[in-house]
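Dear colleague,

Please find below the structure for your review.

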Amino acid sequence: GAEGSTKLAATAVAGDANKRFVPHLQIVTMGHMDIDVSPFELVNVFLQNSFMPLFNAYKQEGQEDDENKIGIPNVQRKIADLSMALMQCQQHVEIEEISLPIDPEIVEAFEKARVEGRQVKIEEFEDRMKDTTFLNQLQSGVNKWSKEIQRITKLQRDPTTASAMQEINFWLGMEKALNDVQAQLQKPEIQMTMNLLKGARRFMATMSFESDTGLKPAMEKVSNYLNLLRDFPINDLLVATSIEQVTQAIRVIFSHMRKIKNAGQYPLWRAYNLVEAVSRDLSGQLLKILSGTRLMQQDNELFDQQMAMCNDLFHVWDDEVRQFKELVREQLKKRGNIERPPLKINCEHGNLQERIVDLQKFRKQHMKLQEVIEKVLAEGKEMSAKAEVVAAYRLVENVDVLDVSRRGQQEWEATKKRYDERIDHAESEITARLRDRLGAAKTATE
């Protein structure tokens, strides 16, 4: 289409050729590339909304041991790995690389020595060490190095926003950047510059350099942080394709969180923020899984199974968080109570959890209403009440019941209100029938 237009992809999901074609047609809204949409995000949309559902649908049809389906689990894992890689590209935290400029005269001296196949000696600059202009130039360069290095060592990020992966990638990126700076400082040209200033008794420039840059303490801090963050198993959560896998991922993540005992410099309040970030990721992954299940249109058995797995997931989360808080209290004592982490962990998935609990209550009440109708209203008679209940439930099927945004909450409440209005007539009819039956009852059993 034209630049900036929305693109659609149509995928025919595997099915019997004799069946109607329309139910097997999948329409995917691809969007378009612009400033806010990267190619990584666009390709990931293809994977999540086209290829993954295609293989899932094909796997579910026919016999599980069909020889044509033997390789599907492996393909699904590869697709999940690719999706994970694309997500990492989207959430990669880029830390600017710095380059320490070296005085041209020193560069020239080392180039000449390389050509001649020899080492540069400090005696070659004996005359220049008496030149104040030259020494001032070197000292000015060292001061610039210090400021450049401080751009890295003083870099911080807000841990209260974004994802767990971005927190992990930031500190991994910091490690890479600091190691690169350290490698530059080991270059012979830079070592020569520092030795020349020392030889000229410019001690203020050389002695304060290490403390001014803060490179050593920064490297120690990052190394300590990575005792917790290195190999953090967030990928287990982000590639999970079932609620059971999400639950297991949460167990693995909190087991890894115990490594905070080896990361004494990692602030405990920041660890709370990390758990909150995991909660955000949990919410997104669970929503992704449930959104493809047409939850309110499932039969009772499948719905109950899904809800039981969700309840187990939330129970595991609560239990793991309780144990994590106990661990934090232990660390507070070991660290001398110099930190004060927040009083509570704000779990973003709590909104989705509340909605799922609400859906369970709503569905249970609806099922009870249907049971009462079947018992009270005679077959073939008073069909209007039954029709009203069916029509009322269709209102719920046509709304995104998992949208927990402010707008989604308003729409859900409005839908429940319309549902109640539709079944008012049915409930009145049921009440009248019960009253008639109660009046006609002759025994306690009746």
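This is a predicted model: local features need pLDDT of at least 70, side-chain atom pairs count only at pLDDT 80 or more; totals for chains, interfaces and linings use all residues.

Ser 279 belongs to helix α11, residues 268-291 (helices are DSSP runs of H or I with at least four residues, numbered from the N terminus). With a relative accessible area of 0%, Ser 279 is buried (under 20% relative accessible area, 1.4 Å probe, protein chains only). Apart from neighbours within four places in sequence, Ser 279 is in contact with Trp 317, Cys 347, Glu 348 and His 349 (heavy atoms within 4.5 Å). Between Ser 279 and Ala 164 the C-alpha to C-alpha distance is 9.0 Å, although 115 residues separate them in sequence.

The second largest pocket has a volume of about 310 Å³ (the space filled by probe spheres set on grid points, which are joined across faces, edges and corners). A pocket is an open set of points on a 1 Å grid over the protein atoms alone, where a 1.4 Å probe fits, with protein on both sides within 12 Å along at least five of seven lines; lining residues have an atom within 4 Å of a point. Of its 14 lining residues, Leu 185, Gln 191, Met 194, Phe 209 and Glu 210 are the closest to the centre. Helix α6 gives the most to this lining, with five residues.

Residues are numbered from 1 along each chain as its sequence is written. Local features need pLDDT of at least 70 and side-chain atom pairs pLDDT 80 or more, while totals for chains, interfaces and linings use all residues, and side-chain values use heavy atoms, leaving out hydrogens and water.

Kind regards

Methods
Helices (H or I, at least four residues) and strands (E, at least two) are DSSP runs, numbered from the N terminus. Buried means under 20% relative accessible area, exposed over 50%, partly exposed in between (1.4 Å probe, protein chains only).
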